[in-house]
Amino acid sequence: MNKNIILCGVGGQGTVLASKLIAAAAMKKNLPVMSAETIGMAQRGGSVFSHIRIGEGLYSPMIAEGTADVILGFEPGEAVRMLPYLKKGGQVIVSSRGIMPVTATLSGASYKSSDMIAYLQEKVARLLVVDTEKACRELGSPKVLNILLLGAAIHSGALGLSAEEIKEVIKERIPEKFHEMNFRALEYTYQDI
């Protein structure tokens, strides 16, 4: 199994944690993994993205344009920004909830997540839009956005990992008091896929 996966969002959405869970689950399967992240802007609500490469014959953690199998977009505008990395026939799994970028806030420009989703619908044949606002409300916490999208990616078959494999690494890396909520989030999207 060789997979090139990009996770993208803004600071505070759990993008880096989700990438670490994917990498840890792949390593537990004895698969070679390389990853790279940008986390400097996370504190300011800026762009955050991770490149994860799983499989044999890897020499760099960075994914070349046009070679990503999957883009997991925690924010629609960030998914649009990463679209040049998606390979032909690749899959995008994206949250429907937009967060106005810092640049738009500072410039006074308008930003609508619906415009970003419409653009993705036009450009991506394999697109899964997850209503994360509704899901987080039903699950009782906005902090499960990352696990919701991870669950959607798993249930769609995009990652080549199982929910059980991710649950194992959640148990190892997330405090026990949050396990049940994260497990529910992981399974939440299963009914919609």
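Biologist: How many disulfides does the structure hold?

Modeller: The model is a predicted one, and the structure holds zero disulfides. A pair of cysteine sulfur atoms would have to lie within 2.5 Å to count as a disulfide.

Biologist: Why is Cys8 called buried?

Modeller: The relative accessibility of Cys8 is 0%. Buried means under 20%, so Cys8 counts as buried.

Biologist: What makes Cys136 count as buried?

Modeller: Cys136 has a relative accessibility of 10%. That value is set against the cut-off of under 20%, and therefore Cys136 counts as buried.

Biologist: Why is Lys171 called exposed?

Modeller: Its relative accessible area is 53%. Exposed means over 50%, so Lys171 is exposed.

Biologist: Where is the place of Lys171, and what does Lys171 touch?

Modeller: Lys171 belongs to helix 7. Leaving aside residues up to four places away in sequence, Lys171 touches His179 and Phe183; touching here means heavy atoms within 4.5 Å.

Biologist: Which residues in helix 7 are buried, and what covers them?

Modeller: In helix 7, which spans residues 163–173, the buried residues are Ala163, Ile166, Lys167, Val169 and Ile170. Their cover includes helix 1 (15–28), helix 6 and helix 8.

Biologist: What is the volume of the largest pocket, and which residues are closest to its centre?

Modeller: The volume of the largest pocket is about 410 Å³. It is lined by 21 residues, and Gln13, Pro142, Lys143, Val144 and Leu145 are the closest to its centre. Helix 5 (132–139), helix 6 (145–156) and helix 8 (179–188) each give two or more residues to this lining.

Biologist: How many residues of each class are in the lining of the largest pocket?

Modeller: The lining has 10 nonpolar, eight polar and three charged residues.

Biologist: How many helices and strands are in the chain, and what share of its residues is buried?

Modeller: The chain has eight helices and six strands, in the order β-α-β-β-β-α-β-α-α-β-α-α-α-α from the N terminus. Of its 193 residues, 50% are buried. Among the contacts with a separation of 6 or more, 62% are between residues 24 or more positions apart.

Key: Residues are numbered from 1 along each chain as its sequence is written. This is a predicted model: local features need pLDDT of at least 70, side-chain atom pairs count only at pLDDT 80 or more; totals for chains, interfaces and linings use all residues. Side-chain values use heavy atoms; hydrogens and water are left out. Helices (H or I, at least four residues) and strands (E, at least two) are DSSP runs, numbered from the N terminus. Buried means under 20% relative accessible area, exposed over 50%, partly exposed in between (1.4 Å probe, protein chains only). On a 1 Å grid over the protein atoms alone, a cavity is a set of points where a 1.4 Å probe fits but cannot get out, and a pocket is an open set with protein on both sides within 12 Å along at least five of seven lines; lining residues have an atom within 4 Å of a point. Grid points are joined across faces, edges and corners, and a volume is the space filled by probe spheres set on the points. Ala, Val, Leu, Ile, Met, Phe, Trp, Tyr, Cys and Pro count as nonpolar, Asp, Glu, Lys and Arg as charged, and the others, Gly among them, as polar.
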